[in-house]
Amino acid sequence: MEQRPLNRRAFLRASAVAGGGVMLGLYAWPAPSGPPSGMRMRTGEPDAGAETGLFAPSAYIRIDVSGRVTLVSKNPEAGQGIKTTLPMLIAEELEIDWKDVVVEQADGDQATYGFQFLGGSSGTMSNWEEMRRIGAAGRVMLVAAAAQRWGVAAEECRAESGRVHHAATKRSLGYGELAATAATLAAPDLKSVPLKPASQFRLVGTSVPNVDADAIVRGKPLFAIDVKVPGMAHAVFVKCPVFGGTVAGANLTEIRALPGVRTAFVVDGGREWNGMLGNGLAGGVAIVADTWWAANSARQKLRVEWNEGPTATQSSAVWEQRANALSPHPWTTQLRADGDVDAALRSAAKVVSASYAYPFLYHATMEPMGCTARFVDGKLELWAPTQHPAGARDAVSKTLGMSPDAITIHLMRMGGAFGRRFMHDFVVEAAWIAREAGMPVKLTWSREDDVQHGFYRPGGFHFLRGGLDEAGRLLAWRNHFVTFGDGDKTAFDAGMSGAEFPARFVDHFAAGMSMMPLGVPTGPLRAPQGNAMSFVMQSFLDELAHAAGRDPLQFRLDLLSDGRALTDPAFDAGRVRGVLTLVAEMSGWRNRAKAPGRGMGLAFHYSHRGYFAEVVEASVDDNRRVRVHQVWAAGDVGGPIISRSGATGQVQGSVLEGLGSAMGQEITIERGRVVQSNFNDYPILRLRQAVPVDVRFEQSHAPLSGLGEPSLPPVIPALCNAIFAACGERVRSLPLSKSGFRWA
């Protein structure tokens, strides 16, 4: 891959001028957190750049004299499709045919683009109106330019497919012909620029191929691992296998003498800004060489004496024993208490008790962590696959003691993220190693590094009791959640909301937490917390439904029968009933056949403002081999769906990821270190195990929300409930492989 320009916008401006083109630029609409620093709006007067045909320095839209339209996508792309979706919104309002659009990825530049972030299924929702307004403003300016050229009122003109038409005289001009004139006009106020009604959408709601699909299929460089810069060396970074450990000594003289090795040195690691628990720098040994092969070969000869630290006493087996020991005692943190649970359980016609557990999980991105860093004249450039470029800049700034203004982040497409690239330890490491080595460095983690030095989805233990009345209705619910943390503060993403369903729908409800200390770093994994809570709550609901002798679908619908729309936190029972009813229709739930060894399981979940219900049909043979025949997914994420193919793909990807994690994925800890090392002992779903996933969306008038995260959680309990329906065995601990199940 060729070196990317140091200042991309400057390069684009220069190119546009040299080519006789015109850049139509509009500054970013205020970000959710407020206007970005340095944002300027063209209001009232032509921009100073109009003389050269440019609106500098930020631009989402660029039109050259040939009519070619380049749109800039501001948010990080990790496969969720935002690089396609956001420009679609601009193009819709700009009135340009999608085939005439070229999409470029923005650099990490919050001052120009506002909030740039991948996470929380928030990208489309937070930019839905802003991107449309930017496109609409461009359309208004082009129409005004045409009206000026023809000497007619702008109201007499309309834009369509990259041209402006004047019906009365049957004249039309292409956008390329109008760009120079449009560049002399003042931009309208974005707050009041007219937007198209949904009934006139021509692009939104259609299926649009991902803009990077061709490059991905052809193996063209797009990712951070593809980056090359002149004079670049390759680095590996060896950290203590025990989290929080530091270097006591190493055979560095021997390593430096190996072929291809340029340098090797100890990185002490941070103290207050510690890479293990934050985004900073952990201790270890860096080896820098001509090639990654040479660096990694030298690593095989590296001998390090480690100070392992206190985490070396921790293990998964000890945590499980400790959780069981804590379970009969009162919890230390009360999460919710409605009614009188103990009295209700005593009076219940039937009581069901069960304990559920789930493991730590690794993110398993196809592209391991890595980053390229280069210092020039006190400035630092980073080619970083990050979900949060401002966070990466902040982490590097704090750890290296640099001004944020001296750091440039070039956003690279990510080979998967799922929350892992919200943490920036690998970015900080690349910057630190490049500075110490005195040369541009590309740091590439091995798969083993990636598995054994992550920020894991925390495991947890739930001890549940549920009471049913004589009519089989849910009367009481008690949940003692044993998790990780200190005092009342849980480890990152190890907590639970007291409003977790069925809270607020059961008269007698109580939930609380007890903590265990943890030295292992944790962080968000796709659908944080929900990917674990859904398994526990929806599986136990299924147990209760069967204990009551009732249909699991009807049991849930009855719980939600009042259709309440709750706030703080939000939960709309009517929307849940909607997706449950839809997925039941899709799957033929009520008419399902009763075949030996084969069954259907159902679950729903609400998170990240989205509602999903899913049904899994699976069979289990006598050798405990599981075959999933079909998955049906019904979602309500408001409306409209922007890219139908992208939305469907997101849900299908979530479902397949959830199935893979449920079957065989588990991170276990022994003596403070991760046992698993690669995909041989942390299996991901293979292509032959992928199953048909039928996706439909409930028509909703609710505000638009995202879907990459809320569509994952329900499939895990739906699979476990299907296994129960197929063979009568209740799964209460993940992964399924621990119970001897495996894919057929």
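**Note on the predicted model**

1. Strand E9 and strand E10 (residues 284-289) run antiparallel and are joined by 6 bridges, where strands (E, at least two residues) and helices (H or I, at least four) are DSSP runs numbered from the N terminus, and two strands count as paired if DSSP finds at least two bridges between them. Within this pairing, phenylalanine 265 has alanine 286 in E10 as its bridge partner.

2. On the basis of the note: this is a predicted model, in which local features need pLDDT of at least 70 and side-chain atom pairs count only at pLDDT 80 or more, while totals for chains, interfaces and linings use all residues. Residues are numbered from 1 along each chain as its sequence is written, and side-chain values use heavy atoms, with hydrogens and water left out.

3. The pLDDT, which is the predictor's confidence in each residue on a scale from 0 to 100, averages 90 for the protein, and 91% of the residues score at least 70. Residues 52-58 stay under 50, although the model gives them 33 contacts beyond four places in sequence, a contact being heavy atoms within 4.5 Å. Residues 272-277 are also below 50, with 18 contacts in the model beyond near neighbours in sequence.

4. The pairing of E9 with E10 belongs to an open sheet of 7 strands with mixed pairing, in the order E9-E10-E7-E17-E14-E15-E16. Strand E9 (261-267) and strand E16 (407-411) each have a single partner strand at the edges, so one side of each lacks a neighbour in the sheet. Neighbouring strands are turned by 20° against each other on average, direction ignored; here axes are lines fitted to C-alpha atoms, for helices over the stretch in contact, and angles run from 0 to 180 degrees between N-to-C directions.

5. Two helices lie across strands of this sheet. Helix H8 (residues 292-300) lies across E7, E9, E10 and E17, at about 30° to E7, whereas helix H11 (residues 389-400) lies across E14, E15 and E16, at about 145° to E16.

6. An open sheet of 3 strands has antiparallel pairing and the order E4-E5-E6, with strand E4 (157-160) and strand E6 (171-174) at its edges. Strand E5 (residues 163-166) and E6 share 4 bridges, and histidine 165 has serine 172 in E6 as its bridge partner. Helix H4 packs on this sheet, touching E4, E5 and E6, with its direction at about 45° to that of E5; H5 touches E4, E5 and E6 as well, its direction making about 75° with that of E6.

7. Threonine 181 lies in helix H5 (residues 175-182) and counts as buried because its relative accessibility is 14%, the limits being under 20% relative accessible area for buried, over 50% for exposed and partly exposed in between (1.4 Å probe, protein chains only). Residues up to four places away in sequence aside, threonine 181 touches Ala145, Gln148 and Arg149.
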